[in-house]
Amino acid sequence: MDQKPKILIVDDSAFNQEMLSEILEEQYEIIKADNGFEGLQVVEKDPHGISLILLDYYMPHMNGFEFLKIMKQRGWLSQIPIIMITAESDGEFIDQAYGYGIFDFIVRPFNVSIVRHRVENTILAHAKQKRLQYLVQKQVKEQGKQSDMLINILSHIVEFRNEESGQHVLNVRQITKVLLKKLTEIDPQLKLDNETIEQIALASSLHDVGKITVPSKILNKPSRLDPEEFEQIKKHAKNGYDILNKVPNYRNEPLMIVSKQIARWHHERFDGSGYPDGLKGSEIPISAQVVAIADVYDALTMERVYKKAFPPQKAIDMILNGECGCFNPLLLQVLKDPTVQKELKEIVQMAKMEVISDRREILDLCTDPILTPSLRDDFAAEALDLISKRDQISYTFYSEKTQEIRFEISLDPMFLTISSSMAKKYEIPSSILDPQHDPLLLEKLGKENIDRILHEIECSKGKEDDIDFNFSTEHGGEPHWWRIILHPLYHEKDPKDVRGYLGLLLDIHSQKMTHEMLERSASIDELTGLLNKNYTQIQVKKRLEEADEMMEYAIAILDLDFFKNANDEYGHAFGDEVLAYLAKRIQGSIRKLDIAGRIGGDEFLIMLQYPGNLETIMDRIFHTISSGSYKGFPISISMGVASTEYIKRNFDDLFNVADFMLYEAKRSGRGCLKIYKGE
């Protein structure tokens, strides 16, 4: 048998408790509290198990508002909806109650039907709200997961260019996390919570992104760098910061701020001897200080083109002895901790297992003295090809996991190359000459999309920014959404001349549909199905901004006359029915291209573009909406109208004039239409 939802009744009146229990106990499990203190104790024991609280205002020791204050302070008000029980009808009292966060009212004496409907509707509405919050959180979590994956892919690309396995990025990230967790134990004042630690660790993946600006021959030089080459290497710190700082739209995001700090300052040293800015002590962000040690430790313990690997303990001793520069004494204290040393050693061991020995073993075979010189050369060529294919397989694995299609466009002549796995998946050739005229590609993408890609390429000439936009293809008669990113490739001899583009095609359909669903859920008034207040304003302002200067537009504000009577005589449930009915009449009186929204309790807004006589059009709409009745309740409205014929195309000005004309209509005895004509 399903467990009934729990309702807590907080009321010092035994009579009220019994009345409400009789009405609700068939569908709900009832818990009773004689005052606010008892009610709080019940909530404290089971804050997630209570579906609704029915709260009286007048109680000894603690009134209803004081109870609400404590609920809010303890974070319970967002978890449990509250309906207030009262005989008050004063507007100020009602506004104050809603301000404290109640969901609805039940007025004494109790009407059985109203109580049941209010309780049921409140529980259902709160459940829908929680569901929406869950969907939003799920989307945010998924986007975070995708960001994590894409950052790792980018950092691996940087490492592949550096002729390293990409393991360095993963190692630095893990080491950073270990050091930060221990640091918070030693110095709690740093206030590094788990979310911040994860953010810094993720940002560490981009610490060497600036290396893509350093020539490969310097990056991979097996011998000691000369002073000029070292100066070139040092530039990667500032260049990395500049690259990240130029990323559009995200400069002030927390993750981006930390990433820039780390990229620029992970080679600074505590005594000011580092680069690029010679920062000292606390001038260096703690994120960059921790990544600096993680970077040095991994560089020491892993093999590089210019050195063999040091044992973990030797690496720690070198850092502690100052052989790798001066670090924060607090971080050196962290590094001395036996538990930390054990965890770092395990990271190194796991990393060496991950860096598969095939590369080293193959290259060792190339120098085997049993082989003749010609065989050694042939074998070396095959070995290098095998290594290249393995790296290609690794990157393909990452791209497939992110549902991305990788491709390259050469411009002269135009030639398209697509990753083989994706070409097979989407049943298109992996190499296409003259792609703008290829029949199969035209069928898959659509001519208008290919034309747009070519247009964007033409418009981007002379610009350094990536091309990035969304488009849709037809799939089963419905649009399917994609995102395309093109990164320019330049001729070596002429860095301003684009020779082609590296491209990514991302399937964003599911993400876009989820976003649209969430946006719609957040924009619709649940009771009437019209736009809610905020989204109505957004849509009207957008329409006015995009409006054709040759067209005229009008805003009408209307409300339901004598609506208070519907609530007072028949109850709020009936009042809600009347509002829903009125919304349908409004929707039925206007065109699909017009805008209609609920902007208050019984106030609605209509925006329309009109081609002819405004007075005739508004008179028709007014009488279509206001004629007839609902279950015996007369549908009478007052309406005020303002238009761009007399008011400038500004939402606030149009709204204020329309609102004033509504007031004039009400002063004229209600049931009136007033249109502003420039008087």
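User: Which residue is the bridge partner of I595 in β14?

Analyst: This is a predicted model, where local features need pLDDT of at least 70, side-chain atom pairs count only at pLDDT 80 or more, and totals for chains, interfaces and linings use all residues. Residues are numbered from 1 along each chain as its sequence is written, and side-chain values use heavy atoms, with hydrogens and water left out. Strands are DSSP runs of E, at least two residues, numbered from the N terminus. In β14, I595 has as its bridge partner M607.

User: In which sense do β13 and β14 pair?

Analyst: Two strands pair if DSSP finds at least two bridges between them. β13 and β14 (residues 603–610) have four bridges. They form a hairpin, with four residues between them. Their pairing is antiparallel.

User: Which strands stand at the edges of the sheet?

Analyst: The open sheet has five strands, in the order β13-β14-β12-β17-β18, with mixed pairing. An edge strand here has a single partner strand, so one side is left without a neighbour in the sheet. The edges are β13 (595–598) and β18 (673–675).

User: Are the residues of β13 buried or exposed?

Analyst: Buried means under 20% relative accessible area, exposed over 50%, and partly exposed in between (1.4 Å probe, protein chains only). I595 and G597 point one way from β13. A596 and R598 point the other way. All of these are buried.
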